[in-house]
Amino acid sequence: EDAIFDAVFVDVPIGNTEWLRIDLHDAIYELTDEETMVVVGDGSAPSLATVQDDSILPRDLLARHVVTNHAMVHMYDEPLSKPLPSTYIVSFVSDQPKGAMSYAMFVRKNGPAIDVDFVNSMNPGMKTIPTLIYDGTTHVGYILISRVWEQWFCRSEYGRKLAVCTEFLPMWFDSENHRYDFEVRQHPVKGRSLHATKAISKGQYVIPNDAALSLRLDRQKWEALNKFIEDFPQATLYKDVRDFIVIYGFESEALGVTGWATSIACNNTFCNHACTDAEENVHYVTSALADSKGDWEYLAPPVMRRGELLSVLVEATRDIEAGEEIQTDYSTFRTVVGDDEAHNRFIESMCNTGEGYVPVDESGGGENEEL
């Protein structure tokens, strides 16, 4: 009765939905703690031929239930394991430090790092890993589910009613909604500011190639960088790299991405903080990704397949006039809004003075040029 497990694997017999009962998995949940990972293997990836117009697969009902109990959930597609089950619901019970690190290690898109972990876990003298078709590079491919999931989901009875299928995807693939009509202006206090050069409609995407021009450090790399700076404080350029990411970037811990990201060549980086709701006119895309209750559809394939995009993409929250400054809420740049006291003090100071992290060059050049 008191047993607690680090990992629980439920291998569902083909066609036996009893193993997908919600009450069974509620009982499994009682055997977990903040480090536990629960894996449910059932069937294979859907196809366009398996669309069900009048029902939702028991596996998907379970997956939605798991989302309400577990901190982080990810679908995992292992096609090479057929005819055995090749589709898995992988959930992490807690978002506390140990659980969050387990999740970060699972979703990282770093094949060499996973291979190194394999090697470090093996006995000396072994010449190959004891798996036939699995290694770090393979894992990276498995955690990014194929587009067939998306096509199936958006044709299913449940998915075809959701805004992520009816609104987000059609808008995202319509170039008219990708807006690049902006200019950077010099500001005597803020340094630089971003302004619309043409009218922007509510819901249109603001400089959407930002995600394609972002530098990402997953949680493992981010912690390694901070440890390296601590061990070698005289290597100041590494601290400069970290400071650049903190100043211009944001923390991202959802949708299969972890760690920090920052734009390296996009004008969105000059979007200043909105100190009031009235000033904010752009925000992360949210409304089109929620269900009828306003809860995010984290397991919807169109969402899960685009974690790197949706952790960066911003949309106009109202109609924006030509010449208007583009501003957003910097408090959302942290995973837990309001939890970073230093960031909170920075935002308060910025709203009081108008000044940000980067000193303004009085000659009009923006940042000081000295390194």
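**Strand β2 and its surroundings**

In this predicted model, strands β2 and β4 (residues 87-92) run antiparallel and are joined by five bridges. Within this pairing, Val 38 stands opposite Ser 91 of β4. Strand β2 also pairs with β1 (residues 7-11), here in the parallel sense and again over five bridges. Val 38 takes part in this pairing as well, as the bridge partner of Val 8.

The cut-off applied here is a relative accessible area under 20%. Across the protein, 43% of the 371 residues count as buried.

The secondary structure of the protein amounts to 12 helices and 15 strands. Its C-alpha trace spans about 70 × 55 × 40 Å along the principal axes. The radius of gyration is 23 Å, which agrees with the value near 21 Å that a compact globule of 371 residues would have.

At the surface, Leu 80, Leu 132 and Ile 133 form a nonpolar patch, with about 360 Å² of accessible area together. One of these residues, Ile 133, is found in the loop between α4 (111-121) and α5 (136-142). Ile 133 has a relative accessibility of 40% and therefore counts as partly exposed, since that class lies between the limits of 20% for buried and 50% for exposed.

Definitions and conventions:
Residues numbered from 1 in each chain as written. Predicted model: local features only at pLDDT ≥ 70, side-chain atom pairs only at ≥ 80, totals over all residues. Heavy atoms only, no water. Patch = residues over 30% accessible without salt bridge, like charges linked within 9 Å, V, L, I, M, F, W, Y side chains within 5 Å. Areas by Shrake-Rupley, 256 points an atom, 1.4 Å probe, with all protein chains shown as cover. Salt bridge = Lys/Arg side-chain N within 4 Å of Asp/Glu carboxyl O. Helix = DSSP H or I, 4+ residues; strand = E, 2+ residues; numbered from the N terminus. Buried < 20%, exposed > 50% of the residue type's maximum accessible area, 1.4 Å probe, protein only. Pairing = 2+ DSSP bridges. Rg over C-alpha atoms; globule rule 2.2 N^0.38 Å.
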